[in-house]
Amino acid sequence: MRIPLSWLREFAQVPAGATAEDVMAELVKVGLEEEAVHRPTDTLSGPVVVGQVLSVVKEPQTNGKTINWCQVRVVPEGQPQTLTTEGIDPSGVQGIVCGAHNFVEGDKVVVTLPGAVLPGDFHIAARKTYGHVSAGMIASVRELGIGDDHDGILVLSTLGLDPEVGSDAMDLLGLYDQAAEINVTPDRSYCFSIRGVAREYAHATGTAFTDPAAQVTAPAALSGGYPVTISDESPIYGNPGCDRFVARTVRNVDASRPTPPWLASRLRLAGIRSISLPVDISNYVMLELGQPIHCYDQDKLSGGIVVRRATPGETLKTLDDKVRKLDVEDLLIADGSGAIGIAGVMGGADTEVSDSTGTVLVEAAHFDEVSIARSRRRHKLPSEASKRFERGVDWQVAGIAAQRVVDLLVELAGGTADDAGTEVGTQPDAVVIDLPAGYAASRIGIDFTDEQITGALTDLGAVVEAHDGGHTVTAPSWRQDLQIKDDLTEEIARLVGYDKIPSRLPVAPPGSGLSRVQVQRRRVLQALADSGLTEVLSYPFVSLDSNNTFGSADATEQPAIKLANPLSAELGYLRRSVLPGLIEVAKRNHSRGFRDLALYEAGLVFLPQDAVGSRDIPPLGVRPSEDILDGLYDGLPDQPLTIAAVFTGNDSPAGANHQPRPWDWADALDTVRLMADVVGVDLEVTQGEHQVFHPGRTARISLRTGELLGYAGELHPKLLAALDLPARTVALEINADLLFDAAPDVIVAKHLSTFPATTQDVALVVDGGLPADVVLSTLREGAGELLEDVHLFDVYDGAGIEDGRKSLAFALRFRAPDRTLTADQASGARDAAVHLAAERHGAVQR
């Protein structure tokens, strides 16, 4: 909402020298948010004066264009020129070249003299052009930044103005005014008006407020006016779409009259362009009082007005010249010919006010918020009216706003108001709230005095009655957000001052802190970041194909949670795997030139069981029973925390004397091992199979108990080709919840022996299909307590090895915690390990 300061000063005591920044600083105190400042003088500076054209000489040019060589008086005749900028003629008559042709001798125009600066940082100076020295410019509205019209220069008589020559045109056109723009939260709809903001400014500064609605004298009752009927046979949630409709008639209107500059200037600063006098008046009153107004050409109406819902197949041509197919839920304004407007959103083109309009029917109605909001969204038709109606408009102000429009049409358009009028509808009950004594203090933490409570609520416009148990408060009609005692408490705190609320740090209860799982999660994710991976977040929405591809190792169709209202039809399911979104992030970065990527994401996946949801939907306003809650929880899908990572390109940038290494499957596996190490979990790695991973370069990762943790390795070549990702892209995905469950509460560091280690190697020939990890586990078991470490360092299946067999070479490190081992002791442990491998796997030592 933009607030012109000159307008605000009519109803609030804004200091004469206050800027838009000063006003916003005050409004912030009462909870409004500052947005921007709109100040014409930031881009426009003088001298910009009123001039009178003395002579116009048309001079055809060789390029086919005809220019006007003009003599323009810029000071009153007989008075001296006081401006001394270079290029300004001391005689008070400027020679100016002008290409426009919509003016004649004697017209008064706006002249920008040398030294002026126009929007776009356009500096005015005396320039030689078309054989003359043009000392200034006769300006159009676009050049002044006050409109879009560039067909010709601004002739002041078209605005109904006849100012003195030489007077300040910027002051005449309201260009010294400025506006403060604020963000209005949805619960503060009354601030979509000068009336509401002036009230808030008075709250913030403790100064007086003049209610513009109180300055309008409206009839206590209306009758005999244009016939109007409210007939809503399909109310939404039982609320009628319209509960008040006021109609007034003004005859003999001259709609072709220009909008006065003061009114057009305020509309422009408020962000609304000038259209025509009747429309500008309706917009002006909407901004002033917060009540949207619509004006009809009464002579174009056919029969009485009916407020009703649309019928199937009904259409309407709106003011934007688009024919819209209406929904049966749309609330319409209709006459005998059919729909003439979507209530509270936009009027119809057939009854639009034009320059030929003589009789104006003024509508000021009150519509249901939900009905208007749905129509606005359905037709993608935001308007200033719908913005206010869908947030709530003061029911009481409709008659006053209609009278204000009538008064301005009489004053500015020469109209004659009918004494008769129309008012139909039913006034809603006032909201009465009981505020117990001490309730506000218990919620806010400070002891409010009775005077503070009564004063704050009275300043809001509420009626406050004190009693022994507290206060009974009748909320004002323009504050639809005040419904319960907590709302009143918030208002008391806001108006007394947020700065009066003391700040106290809460005391943490003893023994609390991060849970075991929270500590483990932080430790794992920090380890990934420390190792050089970048954390990203992707949407949890995927296609059904992605769920079946990534969420299943063997290509079987898997159950998935279907979204009732997806962002797009292609992404209509909750993910069973983090990899689809993570791969999409990698693909997007790769397409933009980021080739070397190491990305990871930690997020929930959704694994539905046999039954999802619950048939027992608890009623509103009642706490569900434990049985119903158990049923709701049982219907939720399993949502384990899953960690995935994707690696593409090289592990480091190329550099002098450095050749980067491409990521491979071992990096993915090492990343999984890193996560397990930081939480103290032993893993079991075997050859794995998964449809999205390379058939020969996939590791199946399990816990020592045999539970599947996840997979790591190189992605399938066909998948990479389909996704246009580099070959040898590697990935991993594990169930982090299982990893954390398997982690010990305390990781106990191993004893560091001070005695030397003894290393011995052994090469075993085994079946080619036997996983090396199985043999390694057997060696570890057979070697006993003296074995400190064992790892595979070579695999060979060439010459000297039988077909179908392979040689696995292991390095075994032995150490005793209390003595130096002899060679025989180390060899004995090694032999025991080899013996067990031979017994279990038929291993033969080379």
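Which residue lies over the face of Trp478, and at what distance from the ring centre?

Analyst: The model is predicted. Arg195 lies over the face of Trp478, and the distance to the ring centre is 4.9 Å. A charge over a ring also occurs at Trp395: the charged end of Arg244 sits 4.5 Å from the centre of that ring.

Turning to ring against ring, the model has six aromatic pairs, counted with ring centres within 6.5 Å. One of them joins Trp7 and Tyr284, with 4.2 Å between the centres and 10° between the planes. Planes under 30 degrees apart count as stacked, so the pair of Trp7 and Tyr284 is a stacked one. Trp7 belongs to helix α1 (residues 5-8) and Tyr284 to helix α7 (residues 277-289), so the contact ties together parts 277 residues apart in sequence. Trp7 is buried, its relative accessible area being 0%, and Tyr284 is buried at 1% relative accessibility. Both rings belong to one aromatic cluster, which is formed by Trp7, Trp262 and Tyr284.

The pair of Phe367 and Phe389 has another geometry: the ring centres are 5.0 Å apart and the planes stand at 70°, so this pair is edge-to-face. Phe367 is in strand β22 (residues 360-367) and Phe389 in helix α9 (residues 384-389), so here a strand and a helix are tied together by residues 22 apart in sequence. Phe367 and Phe389 are both buried.

Technical notes. Residues numbered from 1 in each chain as written. Predicted model: local features only at pLDDT ≥ 70, side-chain atom pairs only at ≥ 80, totals over all residues. Heavy atoms only, no water. Phe/Tyr/Trp six-rings, centres within 6.5 Å; stacked < 30°, edge-to-face > 60°. Helix = DSSP H or I, 4+ residues; strand = E, 2+ residues; numbered from the N terminus. Buried < 20%, exposed > 50% of the residue type's maximum accessible area, 1.4 Å probe, protein only. Lys NZ or Arg CZ within 6 Å of the ring centre and 35° of its normal.
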